[in-house]
Amino acid sequence: MKQFADAIDAGASGSDLEAMPIPESFRAAHVLRNEQTMFEGRASADKDPREAMHIGEVATPELAPDEVYLAVMASSINFNTVWSSIFEPLPTFGFLDRLGRESRWGARHALDYHVLGSDASGVVLQVGSAVRNWRPGDRVVVHCNYVDDQDPAAHEDSMMASNQRIWGFESNFGGLADLSVVKANQLMPKPTHLSWEEAAVNALCASTSYRMLVGDNAARMKQGDAVLVWGASGGLGGYACQLVLNGGGVPVGVVSSPDKVDLLNQLGVDHVIDRSADGYRFWADENTQDEREWRRLGKTVRGLIGDDPDIVFEHPGRSTMGASVFVAKRGGKIVTCAATTGYMIEYDNRHLWMRLKQIVASHFANYAEAWAMNRLIGQGRIQPTLSKTYTLNETGLAAWQVHGNLHEGKLGVLCLASGPGQGITDPDKREQIGEEKITLFARHAASLEAANA
(Lines give C-alpha, C1' and ligand atoms only; values in the text may rest on other atoms or scores of the structure.)
Protein backbone atom coordinates (compact mmCIF):
# COMPACT_ATOMS: atom_id res chain seq x y z
CA MET A 1 0.00 0.00 0.00
CA LYS A 2 2.98 2.34 0.31
CA GLN A 3 2.92 2.97 -3.42
CA PHE A 4 -0.59 4.36 -3.05
CA ALA A 5 0.48 6.61 -0.16
CA ASP A 6 3.41 7.92 -2.21
CA ALA A 7 1.17 8.50 -5.24
CA ILE A 8 -1.42 10.37 -3.15
CA ASP A 9 1.29 12.54 -1.59
CA ALA A 10 2.62 13.29 -5.09
CA GLY A 11 -0.80 14.43 -6.29
CA ALA A 12 -1.59 11.47 -8.56
CA SER A 13 -4.79 11.77 -10.57
CA GLY A 14 -7.80 9.55 -10.07
CA SER A 15 -7.08 7.69 -13.31
CA ASP A 16 -3.51 7.08 -12.17
CA LEU A 17 -4.71 5.66 -8.85
CA GLU A 18 -7.36 3.51 -10.56
CA ALA A 19 -4.71 1.98 -12.83
CA MET A 20 -2.57 0.81 -9.91
CA PRO A 21 -3.19 -2.82 -8.86
CA ILE A 22 -4.88 -3.42 -5.51
CA PRO A 23 -2.57 -5.60 -3.38
CA GLU A 24 -3.61 -9.08 -2.29
CA SER A 25 -3.16 -8.15 1.38
CA PHE A 26 -2.88 -5.08 3.56
CA ARG A 27 -1.84 -4.04 7.06
CA ALA A 28 -4.67 -3.86 9.59
CA ALA A 29 -5.45 -3.74 13.31
CA HIS A 30 -7.48 -6.85 14.08
CA VAL A 31 -8.55 -9.31 16.73
CA LEU A 32 -8.65 -13.09 16.37
CA ARG A 33 -11.54 -15.51 16.75
CA ASN A 34 -9.41 -18.08 18.56
CA GLU A 35 -8.53 -15.52 21.26
CA GLN A 36 -12.05 -14.38 22.12
CA THR A 37 -11.99 -16.17 25.49
CA MET A 38 -8.57 -14.82 26.52
CA PHE A 39 -9.98 -12.42 29.13
CA GLU A 40 -12.40 -14.80 30.82
CA GLY A 41 -12.35 -14.35 34.58
CA ARG A 42 -10.96 -10.83 34.48
CA ALA A 43 -12.86 -7.74 35.53
CA SER A 44 -13.66 -5.42 32.67
CA ALA A 45 -11.24 -2.75 33.90
CA ASP A 46 -8.41 -5.29 33.88
CA LYS A 47 -8.90 -6.37 30.27
CA ASP A 48 -6.11 -4.84 28.20
CA PRO A 49 -6.73 -4.06 24.50
CA ARG A 50 -2.98 -4.18 23.91
CA GLU A 51 -3.01 -7.91 24.56
CA ALA A 52 -5.71 -8.68 21.99
CA MET A 53 -4.90 -6.19 19.23
CA HIS A 54 -2.79 -7.51 16.36
CA ILE A 55 -1.20 -5.40 13.63
CA GLY A 56 -0.44 -7.43 10.53
CA GLU A 57 -1.33 -8.43 7.01
CA VAL A 58 -4.83 -9.65 6.15
CA ALA A 59 -6.27 -10.74 2.81
CA THR A 60 -7.93 -8.15 0.56
CA PRO A 61 -11.63 -8.97 0.05
CA GLU A 62 -13.41 -8.90 -3.30
CA LEU A 63 -15.18 -5.62 -4.04
CA ALA A 64 -19.00 -5.64 -4.09
CA PRO A 65 -20.83 -3.61 -6.75
CA ASP A 66 -21.90 -0.89 -4.27
CA GLU A 67 -18.51 -0.54 -2.58
CA VAL A 68 -15.21 1.26 -3.08
CA TYR A 69 -11.65 0.39 -2.21
CA LEU A 70 -10.42 3.14 0.09
CA ALA A 71 -6.81 4.03 0.85
CA VAL A 72 -7.16 4.85 4.54
CA MET A 73 -4.98 7.78 5.49
CA ALA A 74 -6.18 8.03 9.11
CA SER A 75 -8.74 6.58 11.50
CA SER A 76 -9.69 6.93 15.16
CA ILE A 77 -10.54 5.04 18.33
CA ASN A 78 -14.14 4.73 19.47
CA PHE A 79 -15.59 2.89 22.44
CA ASN A 80 -16.79 0.16 20.10
CA THR A 81 -13.14 -0.47 19.20
CA VAL A 82 -12.43 -0.92 22.89
CA TRP A 83 -15.39 -3.27 23.32
CA SER A 84 -14.30 -5.33 20.31
CA SER A 85 -10.75 -5.58 21.60
CA ILE A 86 -11.76 -6.87 25.03
CA PHE A 87 -14.57 -9.07 23.63
CA GLU A 88 -17.37 -7.57 25.66
CA PRO A 89 -20.24 -7.44 26.22
CA LEU A 90 -20.04 -10.10 23.48
CA PRO A 91 -17.29 -11.09 21.03
CA THR A 92 -17.99 -9.40 17.70
CA PHE A 93 -17.48 -12.61 15.72
CA GLY A 94 -21.14 -13.41 16.32
CA PHE A 95 -22.02 -10.21 14.44
CA LEU A 96 -19.77 -11.21 11.56
CA ASP A 97 -21.28 -14.69 11.37
CA ARG A 98 -24.82 -13.30 11.17
CA LEU A 99 -23.77 -10.94 8.40
CA GLY A 100 -22.09 -13.88 6.69
CA ARG A 101 -25.39 -15.77 6.48
CA GLU A 102 -27.21 -12.93 4.70
CA SER A 103 -25.71 -13.08 1.23
CA ARG A 104 -22.73 -13.94 -0.90
CA TRP A 105 -21.25 -10.53 -0.17
CA GLY A 106 -21.97 -10.85 3.52
CA ALA A 107 -20.06 -14.13 3.61
CA ARG A 108 -16.81 -12.23 3.03
CA HIS A 109 -17.08 -10.82 6.55
CA ALA A 110 -17.34 -14.08 8.52
CA LEU A 111 -13.63 -14.67 8.99
CA ASP A 112 -11.32 -15.78 11.77
CA TYR A 113 -10.12 -12.21 12.21
CA HIS A 114 -11.96 -8.93 12.58
CA VAL A 115 -10.48 -5.69 11.21
CA LEU A 116 -11.69 -2.96 13.56
CA GLY A 117 -12.36 0.76 13.22
CA SER A 118 -15.53 2.80 12.64
CA ASP A 119 -13.98 6.06 11.39
CA ALA A 120 -11.74 6.87 8.43
CA SER A 121 -10.49 9.55 6.09
CA GLY A 122 -8.87 8.59 2.84
CA VAL A 123 -8.84 8.47 -0.94
CA VAL A 124 -11.03 6.36 -3.22
CA LEU A 125 -8.91 3.97 -5.31
CA GLN A 126 -11.46 1.91 -7.24
CA VAL A 127 -15.26 1.80 -7.34
CA GLY A 128 -17.72 -1.06 -7.79
CA SER A 129 -19.88 -1.35 -10.87
CA ALA A 130 -22.98 0.11 -9.14
CA VAL A 131 -21.28 3.18 -7.63
CA ARG A 132 -22.54 6.44 -9.19
CA ASN A 133 -21.48 9.43 -7.11
CA TRP A 134 -17.84 8.74 -6.33
CA ARG A 135 -14.70 8.38 -8.44
CA PRO A 136 -11.10 7.27 -7.91
CA GLY A 137 -9.13 10.14 -6.42
CA ASP A 138 -12.00 11.54 -4.34
CA ARG A 139 -10.91 12.58 -0.86
CA VAL A 140 -13.53 11.39 1.59
CA VAL A 141 -14.48 10.64 5.16
CA VAL A 142 -16.52 7.61 6.17
CA HIS A 143 -19.56 7.39 8.42
CA CYS A 144 -20.24 4.02 9.99
CA ASN A 145 -23.92 3.35 9.17
CA TYR A 146 -23.69 0.02 7.31
CA VAL A 147 -27.11 -0.72 5.82
CA ASP A 148 -28.76 -1.84 2.59
CA ASP A 149 -32.11 -0.69 1.22
CA GLN A 150 -34.06 -3.96 1.14
CA ASP A 151 -35.91 -3.33 4.42
CA PRO A 152 -38.87 -0.94 3.87
CA ALA A 153 -38.13 0.78 7.19
CA ALA A 154 -34.80 1.93 5.83
CA HIS A 155 -36.53 4.24 3.37
CA GLU A 156 -37.91 6.40 6.16
CA ASP A 157 -34.89 6.24 8.45
CA SER A 158 -32.05 3.85 7.67
CA MET A 159 -31.29 3.47 11.38
CA MET A 160 -34.62 1.63 11.68
CA ALA A 161 -33.66 -1.11 9.21
CA SER A 162 -33.61 -4.57 10.75
CA ASN A 163 -30.14 -5.27 9.34
CA GLN A 164 -28.59 -1.91 10.22
CA ARG A 165 -25.03 -2.34 11.45
CA ILE A 166 -22.06 -0.31 12.57
CA TRP A 167 -19.18 -0.66 10.11
CA GLY A 168 -15.99 -1.97 11.68
CA PHE A 169 -17.91 -3.20 14.73
CA GLU A 170 -20.68 -5.38 13.33
CA SER A 171 -18.98 -5.72 9.95
CA ASN A 172 -15.42 -6.56 8.96
CA PHE A 173 -12.77 -4.52 7.10
CA GLY A 174 -13.04 -1.40 9.26
CA GLY A 175 -11.01 1.78 9.18
CA LEU A 176 -8.02 0.88 11.37
CA ALA A 177 -6.08 -0.37 8.36
CA ASP A 178 -4.25 0.81 5.25
CA LEU A 179 -7.11 -0.35 3.02
CA SER A 180 -10.84 -0.74 3.51
CA VAL A 181 -13.92 -1.69 1.56
CA VAL A 182 -16.68 0.84 2.16
CA LYS A 183 -20.23 1.14 0.86
CA ALA A 184 -20.72 4.14 -1.43
CA ASN A 185 -23.51 5.41 0.84
CA GLN A 186 -21.01 5.73 3.70
CA LEU A 187 -18.86 8.30 1.91
CA MET A 188 -18.86 12.06 2.48
CA PRO A 189 -16.55 14.82 1.21
CA LYS A 190 -13.47 15.36 3.35
CA PRO A 191 -13.37 18.88 4.85
CA THR A 192 -10.66 20.57 2.81
CA HIS A 193 -9.17 22.61 5.66
CA LEU A 194 -8.53 19.63 7.95
CA SER A 195 -5.62 17.20 8.06
CA TRP A 196 -6.23 13.50 7.52
CA GLU A 197 -6.30 12.78 11.25
CA GLU A 198 -8.46 15.81 12.09
CA ALA A 199 -10.97 14.74 9.46
CA ALA A 200 -10.92 11.09 10.56
CA VAL A 201 -12.05 11.53 14.16
CA ASN A 202 -15.41 13.21 13.55
CA ALA A 203 -17.96 11.06 11.77
CA LEU A 204 -19.04 8.56 14.41
CA CYS A 205 -19.20 10.78 17.49
CA ALA A 206 -20.16 14.00 15.73
CA SER A 207 -22.99 12.37 13.75
CA THR A 208 -24.23 10.58 16.87
CA SER A 209 -24.37 13.88 18.75
CA TYR A 210 -26.14 15.56 15.81
CA ARG A 211 -28.92 12.95 15.73
CA MET A 212 -29.31 13.07 19.51
CA LEU A 213 -29.68 16.84 19.67
CA VAL A 214 -30.46 18.42 16.30
CA GLY A 215 -32.12 15.97 13.92
CA ASP A 216 -35.79 15.06 13.76
CA ASN A 217 -35.33 11.66 15.42
CA ALA A 218 -34.41 12.50 19.02
CA ALA A 219 -34.31 15.63 21.21
CA ARG A 220 -34.97 18.25 18.48
CA MET A 221 -33.17 21.00 20.39
CA LYS A 222 -34.52 24.55 20.04
CA GLN A 223 -32.77 27.88 20.37
CA GLY A 224 -32.46 28.78 24.02
CA ASP A 225 -32.72 25.19 25.27
CA ALA A 226 -30.53 24.34 28.25
CA VAL A 227 -28.72 21.04 27.77
CA LEU A 228 -26.92 19.08 30.50
CA VAL A 229 -24.05 17.23 28.82
CA TRP A 230 -22.40 14.33 30.63
CA GLY A 231 -18.78 13.64 29.71
CA ALA A 232 -18.67 17.06 28.09
CA SER A 233 -14.97 17.00 27.18
CA GLY A 234 -15.09 13.54 25.61
CA GLY A 235 -15.77 12.51 22.02
CA LEU A 236 -19.55 12.69 22.15
CA GLY A 237 -19.74 15.48 24.69
CA GLY A 238 -17.25 17.73 22.92
CA TYR A 239 -19.39 17.76 19.80
CA ALA A 240 -22.61 18.05 21.82
CA CYS A 241 -21.41 21.22 23.53
CA GLN A 242 -20.45 22.76 20.19
CA LEU A 243 -23.82 21.87 18.67
CA VAL A 244 -25.66 23.44 21.60
CA LEU A 245 -23.61 26.63 21.31
CA ASN A 246 -23.92 26.70 17.53
CA GLY A 247 -27.70 26.21 17.80
CA GLY A 248 -28.33 29.02 20.26
CA GLY A 249 -28.64 26.81 23.33
CA VAL A 250 -27.05 26.86 26.78
CA PRO A 251 -24.75 23.90 27.53
CA VAL A 252 -24.01 22.78 31.06
CA GLY A 253 -21.05 20.46 30.90
CA VAL A 254 -20.25 17.75 33.45
CA VAL A 255 -16.62 16.64 33.63
CA SER A 256 -14.31 14.90 36.06
CA SER A 257 -11.30 17.20 36.59
CA PRO A 258 -10.30 20.89 36.75
CA ASP A 259 -8.27 20.67 33.53
CA LYS A 260 -11.40 19.53 31.69
CA VAL A 261 -13.27 22.50 33.13
CA ASP A 262 -10.58 24.71 31.63
CA LEU A 263 -10.88 22.99 28.25
CA LEU A 264 -14.64 23.54 28.12
CA ASN A 265 -14.25 27.18 29.14
CA GLN A 266 -11.86 27.64 26.20
CA LEU A 267 -14.45 25.94 23.97
CA GLY A 268 -16.98 28.58 25.00
CA VAL A 269 -18.93 26.63 27.65
CA ASP A 270 -19.49 28.98 30.58
CA HIS A 271 -21.30 26.57 32.90
CA VAL A 272 -19.25 23.50 33.89
CA ILE A 273 -19.62 21.10 36.82
CA ASP A 274 -16.57 19.19 38.04
CA ARG A 275 -18.27 16.14 39.50
CA SER A 276 -15.08 14.91 41.18
CA ALA A 277 -14.43 18.21 42.95
CA ASP A 278 -18.06 18.39 44.04
CA GLY A 279 -17.90 14.80 45.24
CA TYR A 280 -21.11 13.50 43.68
CA ARG A 281 -21.90 9.90 44.60
CA PHE A 282 -25.14 8.95 42.88
CA TRP A 283 -24.92 5.37 44.20
CA ALA A 284 -24.80 4.89 47.95
CA ASP A 285 -23.69 1.32 47.34
CA GLU A 286 -23.69 -1.13 44.44
CA ASN A 287 -27.46 -1.60 44.60
CA THR A 288 -28.84 1.66 46.02
CA GLN A 289 -28.99 5.12 44.48
CA ASP A 290 -28.92 8.25 46.63
CA GLU A 291 -31.71 10.68 45.72
CA ARG A 292 -30.10 13.35 47.89
CA GLU A 293 -27.25 13.49 45.39
CA TRP A 294 -29.70 13.89 42.51
CA ARG A 295 -31.26 16.83 44.33
CA ARG A 296 -27.84 18.35 45.02
CA LEU A 297 -26.98 18.13 41.33
CA GLY A 298 -30.29 19.72 40.36
CA LYS A 299 -29.66 22.57 42.79
CA THR A 300 -26.20 23.11 41.30
CA VAL A 301 -27.59 23.27 37.74
CA ARG A 302 -30.30 25.74 38.76
CA GLY A 303 -27.67 27.83 40.52
CA LEU A 304 -25.71 28.06 37.28
CA ILE A 305 -28.48 28.75 34.76
CA GLY A 306 -31.54 29.55 36.86
CA ASP A 307 -33.59 26.61 35.58
CA ASP A 308 -33.66 22.85 35.05
CA PRO A 309 -32.26 21.51 31.77
CA ASP A 310 -34.67 21.07 28.87
CA ILE A 311 -32.52 18.20 27.56
CA VAL A 312 -30.10 15.81 29.24
CA PHE A 313 -27.46 14.41 26.88
CA GLU A 314 -27.04 10.97 28.45
CA HIS A 315 -24.48 8.32 27.50
CA PRO A 316 -22.70 7.01 30.65
CA GLY A 317 -25.74 4.81 31.41
CA ARG A 318 -25.93 3.06 34.76
CA SER A 319 -23.88 5.54 36.77
CA THR A 320 -25.90 8.61 35.78
CA MET A 321 -29.32 7.68 34.42
CA GLY A 322 -31.12 8.03 37.75
CA ALA A 323 -29.73 11.53 38.16
CA SER A 324 -30.49 12.39 34.52
CA VAL A 325 -34.16 11.49 34.84
CA PHE A 326 -34.45 13.47 38.07
CA VAL A 327 -32.76 16.71 36.97
CA ALA A 328 -34.49 17.08 33.57
CA LYS A 329 -37.13 19.81 33.47
CA ARG A 330 -40.83 18.94 33.72
CA GLY A 331 -41.73 17.89 30.16
CA GLY A 332 -38.04 17.64 29.30
CA LYS A 333 -36.15 14.95 27.44
CA ILE A 334 -33.38 12.56 28.37
CA VAL A 335 -31.79 11.46 25.11
CA THR A 336 -29.58 8.42 25.49
CA CYS A 337 -27.09 6.46 23.45
CA ALA A 338 -24.51 3.92 24.62
CA ALA A 339 -23.91 3.04 28.26
CA THR A 340 -20.21 3.20 28.96
CA THR A 341 -20.66 2.52 32.70
CA GLY A 342 -23.18 -0.30 32.24
CA TYR A 343 -26.41 -0.82 30.35
CA MET A 344 -28.60 -2.20 33.16
CA ILE A 345 -29.95 1.16 34.29
CA GLU A 346 -32.24 2.21 37.14
CA TYR A 347 -34.27 5.35 37.73
CA ASP A 348 -37.25 6.40 39.84
CA ASN A 349 -40.16 6.20 37.43
CA ARG A 350 -42.22 8.66 39.51
CA HIS A 351 -39.90 11.44 38.41
CA LEU A 352 -40.50 10.43 34.80
CA TRP A 353 -44.24 9.89 34.54
CA MET A 354 -45.47 12.41 37.09
CA ARG A 355 -43.41 15.18 35.52
CA LEU A 356 -44.20 14.17 31.96
CA LYS A 357 -40.60 13.64 30.92
CA GLN A 358 -39.40 11.52 28.01
CA ILE A 359 -36.51 9.10 27.60
CA VAL A 360 -35.55 9.09 23.93
CA ALA A 361 -33.31 6.39 22.48
CA SER A 362 -30.80 7.35 19.81
CA HIS A 363 -28.28 5.26 17.88
CA PHE A 364 -25.64 6.68 15.54
CA ALA A 365 -27.20 8.60 12.59
CA ASN A 366 -28.65 8.11 9.14
CA TYR A 367 -26.85 9.27 6.00
CA ALA A 368 -28.69 12.61 5.86
CA GLU A 369 -27.84 13.40 9.49
CA ALA A 370 -24.20 12.38 9.08
CA TRP A 371 -23.97 14.47 5.90
CA ALA A 372 -25.48 17.51 7.63
CA MET A 373 -22.99 17.24 10.48
CA ASN A 374 -20.09 16.81 8.08
CA ARG A 375 -21.26 19.97 6.29
CA LEU A 376 -21.09 21.92 9.56
CA ILE A 377 -17.55 20.66 10.10
CA GLY A 378 -16.64 21.56 6.52
CA GLN A 379 -17.97 25.09 7.12
CA GLY A 380 -15.81 25.44 10.22
CA ARG A 381 -18.82 25.84 12.51
CA ILE A 382 -17.93 22.67 14.43
CA GLN A 383 -14.31 21.81 15.23
CA PRO A 384 -12.68 18.37 15.50
CA THR A 385 -12.08 17.11 19.03
CA LEU A 386 -8.78 15.43 18.17
CA SER A 387 -6.55 15.46 21.25
CA LYS A 388 -3.71 13.11 20.32
CA THR A 389 -2.56 11.05 17.34
CA TYR A 390 -1.05 7.57 17.31
CA THR A 391 0.34 5.34 14.57
CA LEU A 392 -1.46 2.22 13.39
CA ASN A 393 1.14 0.12 15.22
CA GLU A 394 0.06 1.89 18.43
CA THR A 395 -3.65 1.11 18.04
CA GLY A 396 -3.68 -1.16 21.09
CA LEU A 397 -2.13 1.56 23.23
CA ALA A 398 -4.64 4.12 21.98
CA ALA A 399 -7.55 1.76 22.72
CA TRP A 400 -6.14 1.18 26.20
CA GLN A 401 -6.10 4.95 26.78
CA VAL A 402 -9.79 5.18 25.86
CA HIS A 403 -10.63 2.11 27.95
CA GLY A 404 -9.09 3.79 30.98
CA ASN A 405 -10.66 7.20 30.24
CA LEU A 406 -7.16 8.66 30.14
CA HIS A 407 -7.91 10.95 27.21
CA GLU A 408 -9.90 14.00 26.18
CA GLY A 409 -11.92 14.26 22.99
CA LYS A 410 -10.91 11.76 20.31
CA LEU A 411 -7.69 9.85 19.62
CA GLY A 412 -6.60 9.74 15.99
CA VAL A 413 -4.65 6.95 14.31
CA LEU A 414 -2.40 7.47 11.29
CA CYS A 415 -2.71 4.67 8.77
CA LEU A 416 -1.16 5.42 5.36
CA ALA A 417 -0.39 9.04 6.30
CA SER A 418 3.28 9.17 7.20
CA GLY A 419 2.86 11.94 9.74
CA PRO A 420 0.40 14.39 11.28
CA GLY A 421 -0.71 17.56 9.55
CA GLN A 422 -0.97 16.15 6.03
CA GLY A 423 -3.95 16.25 3.69
CA ILE A 424 -4.89 19.95 4.02
CA THR A 425 -5.90 21.23 0.58
CA ASP A 426 -7.35 24.64 1.54
CA PRO A 427 -4.89 26.38 3.87
CA ASP A 428 -6.56 29.75 3.29
CA LYS A 429 -9.85 28.43 4.67
CA ARG A 430 -8.00 26.95 7.62
CA GLU A 431 -6.40 30.31 8.37
CA GLN A 432 -9.79 32.02 8.11
CA ILE A 433 -11.42 29.58 10.56
CA GLY A 434 -8.45 29.81 12.91
CA GLU A 435 -5.71 27.38 13.86
CA GLU A 436 -6.37 27.93 17.55
CA LYS A 437 -10.02 26.92 17.20
CA ILE A 438 -9.25 23.84 15.09
CA THR A 439 -6.50 22.51 17.35
CA LEU A 440 -7.95 23.42 20.76
CA PHE A 441 -8.28 19.84 22.03
CA ALA A 442 -4.83 18.82 20.77
CA ARG A 443 -3.09 21.87 22.24
CA HIS A 444 -4.84 21.41 25.57
CA ALA A 445 -3.82 17.75 25.76
CA ALA A 446 -0.23 18.59 24.82
CA SER A 447 -0.01 21.24 27.54
CA LEU A 448 -1.28 18.79 30.14
CA GLU A 449 1.19 16.15 29.02
CA ALA A 450 4.04 18.65 29.25
CA ALA A 451 2.94 19.79 32.71
CA ASN A 452 2.81 16.18 33.95
CA ALA A 453 6.12 15.14 32.37
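Val-255 has Asp-274 in β13 as its bridge partner. The structure is a predicted model, in which local features need pLDDT of at least 70 and side-chain atom pairs count only at pLDDT 80 or more, while totals for chains, interfaces and linings use all residues. Residues are numbered from 1 along each chain as its sequence is written, and side-chain values use heavy atoms, with hydrogens and water left out.

**Strands β12 and β13**

Strand β12 (residues 250-255) pairs with strand β13 (residues 271-274) in the parallel sense, over four bridges. Two strands pair if DSSP finds at least two bridges between them. Helices (H or I, at least four residues) and strands (E, at least two) are DSSP runs, numbered from the N terminus. Together with helix α9 (residues 258-267), β12 and β13 make a right-handed β-α-β unit. Right-handed here means that, with the strands pointing away from the viewer, the path from the first strand over the helix to the second runs clockwise.

**Ala-232**

Ala-232 is found in the loop between β11 (226-230) and α8 (235-246). Its relative accessible area is 0%, so Ala-232 is buried; buried means under 20% relative accessible area, exposed over 50%, and partly exposed in between (1.4 Å probe, protein chains only). Leaving aside neighbours within four places in sequence, the contacts of Ala-232 include Gly-253, Val-254, Val-255 and Leu-264, where contact means heavy atoms within 4.5 Å. Gly-237, Gly-238 and Cys-241 are also in contact with Ala-232. Leu-264 is 32 residues from Ala-232 along the chain, and their C-alpha atoms are separated by 7.6 Å.

A nonpolar core is a set of buried Ala, Val, Leu, Ile, Met, Phe, Trp, Tyr and Cys residues joined through side-chain atoms within 4.5 Å. The largest one has 89 residues, of which Ile-77 and Met-373 touch the most other members. Helix α7 (residues 203-213) gives the most to this core, with seven residues. Apart from it lies another core, of 29 residues, among them Ile-8, Met-20, Phe-173 and Ala-417.

Not counting residues up to four places away in sequence, Met-373 touches Ala-206, Ser-207, Tyr-210, Tyr-239, Leu-243 and Ile-382. Asn-374 lies in helix α14 (residues 367-378) and counts as buried at 10% relative accessibility. With neighbours within four places in sequence left aside, Asn-374 is in contact with Val-141, Met-188, Pro-189 and Pro-191.

**Aromatic rings**

The structure holds nine aromatic pairs. Rings of Phe, Tyr and Trp (its six-membered ring) pair if their centres lie within 6.5 Å; planes under 30 degrees apart count as stacked, over 60 as edge-to-face and the rest as tilted. Two of the pairs are tabulated below.

| Pair | Centre distance | Plane angle | Class |
|---|---|---|---|
| Phe-79 and Trp-83 | 6.3 Å | 35 degrees | tilted |
| Tyr-280 and Phe-282 | 5.7 Å | 20 degrees | stacked |

Phe-79 and Trp-83 both lie in helix α4 (residues 79-86), four residues apart, about one turn of the helix. Phe-79 is partly exposed at 34% relative accessibility, and Trp-83 is partly exposed at 25%. By contrast, Tyr-280 and Phe-282 are both buried. Ring pairs also link Phe-79 and Trp-83 with Phe-95 and Phe-169 into a cluster.

A charge sits over a ring if NZ of Lys or CZ of Arg is within 6 Å of the ring centre and within 35 degrees of the ring normal. The charged end of Lys-183 sits over the ring of Tyr-146, 4.9 Å from its centre. Likewise, the charged end of Lys-190 sits over the ring of Trp-196, at 5.3 Å from the ring centre.
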